[in-house]
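Me: I want to learn how to read the features of a protein model. Could you take me through one?

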Amino acid sequence: MEHEIACCTKKSFMWDDRSEAFEWMAQKMHEMVGEPEMSEASMPVWAWHTCYGKFNRKPRRSIDYFDSDNSELVFMELEIPRDRILVSDFILWHLPLNGVAIGNDEGAPYKSTWDRIFDPTFNDKYWVTDDWEDRCLQATLWCLHKEDIVYADLLQKQEGSRKLKVKRLCNRK
């Protein structure tokens with residue numbers, strides 16, 4: 001039987017340098033979304049929620065997303081119920097990822113400021129210039145269900161070219 005559900009069962013290649021931020025995000029998932037549906041889910045899965053305020057604006061399909069070890073990537077459009085995701089500001093996420101405070105709360109422990117990535121009212125002239133609706137937002141989720149997938153495309157590098165070959169793997173529409 002094919003898998004009907006998938007989750008992240010191992011730590012990211014970025015884990016060693018940024019474990020504090022990833023563990024913090026996993027804890028926030030436990031607090032705000034609940035426990036994973038699968039006990040094997042050790043870390044959240046990351047996805048785009050909106051790009052510059054548009055649900056239908058898709059991230060660019062680019063060969064730049066490939067690293068030297070990968071010749072294939074899968075690009076998916078998903079529809080996931082809101083109660084299964086945790087939405088946060090993609091730009092602000094880079095502050096916890098780099099172990100620094102968000103905002104100018106002198107003397108406050110830096111981790112105590114990290115919840116601001118979830119706050120649509122937070123504004124900071126150095127990091128946030130847009131309203132929540134116009135920001136790049138990411139979504140974290142514990143598990144991906146087969147029925148969450150609207151479509152999936154296989155992107156393949158073409159030898160000696162910057163062009164991508166695209167093959168539709170599935171389409172619910």
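The dialogue below goes from the fold to rings, charges and surface.

Me: What should I know before I start?
Reply: This is a predicted model, where local features need pLDDT of at least 70, side-chain atom pairs count only at pLDDT 80 or more, and totals for chains, interfaces and linings use all residues. Residues are numbered from 1 along each chain as its sequence is written, and side-chain values use heavy atoms, with hydrogens and water left out.

Me: How many helices and strands does the protein chain have?
Reply: Helices (H or I, at least four residues) and strands (E, at least two) are DSSP runs, numbered from the N terminus. Here the protein chain has 2 helices and 8 strands. Their order from the N terminus is β-α-β-β-β-α-β-β-β-β.

Me: What share of the contacts joins residues 24 or more positions apart?
Reply: A contact means heavy atoms within 4.5 Å. Among contacts with a separation of 6 or more, 71% fall to residues 24 or more positions apart.

Me: What share of the residues counts as buried?
Reply: Buried means under 20% relative accessible area, exposed over 50%, and partly exposed in between (1.4 Å probe, protein chains only). Of 173 residues, 35% count as buried.

Me: How many aromatic pairs are there?
Reply: Rings of Phe, Tyr and Trp (its six-membered ring) pair if their centres lie within 6.5 Å; planes under 30 degrees apart are stacked, over 60 edge-to-face, the rest tilted. The count comes to 7 aromatic pairs. Take tryptophan 24 and tryptophan 114: the ring centres are 5.4 Å apart and the planes stand at 85°, so this pair is edge-to-face. Tryptophan 24 is in helix H1 (residues 15-32), and tryptophan 114 is in the loop between helix H2 (90-97) and strand E5 (137-141), 90 residues apart. Tryptophan 24 is buried at 8% relative accessible area, and tryptophan 114 is buried at 0%. Trp24, Tyr110, Trp114 and Phe118 form one aromatic cluster.

Me: Which salt bridge does arginine 84 form?
Reply: Side chains of opposite charge can pair when their charged atoms come close. The rule for a salt bridge is a side-chain nitrogen of Lys or Arg within 4 Å of a carboxyl oxygen of Asp or Glu. The structure holds 6 salt bridges. Arginine 84 meets aspartate 148 at 2.7 Å, N to O. Arginine 84 lies in the loop between E3 and E4, and aspartate 148 in the loop between strand E6 (143-145) and strand E7 (149-157), so the pair ties together parts 64 residues apart in sequence. Both arginine 84 and aspartate 148 are buried.

Me: Where does the charged end of arginine 168 sit?
Reply: A charge sits over a ring if NZ of Lys or CZ of Arg is within 6 Å of the ring centre and within 35 degrees of the ring normal. The charged end of arginine 168 sits over the ring of tyrosine 151, 4.3 Å from its centre. Arginine 168 also forms a salt bridge with aspartate 153, with the closest N and O atoms 2.4 Å apart. Arginine 168 is in strand E8 and aspartate 153 in strand E7. Arginine 168 is partly exposed at 43% relative accessibility, whereas aspartate 153 is buried at 2%.

Me: Which residues make the nonpolar surface patch?
Reply: Patches take residues with over 30% relative accessible area and no salt bridge; like charges are joined within 9 Å, nonpolar side chains (Val, Leu, Ile, Met, Phe, Trp, Tyr) within 5 Å. Val74, Met76 and Leu169 make a nonpolar patch of about 250 Å². Accessible areas come from the Shrake-Rupley method with a 1.4 Å probe; for residues, only the protein chains shown count as cover. Leucine 169 is in strand E8 (residues 164-171).
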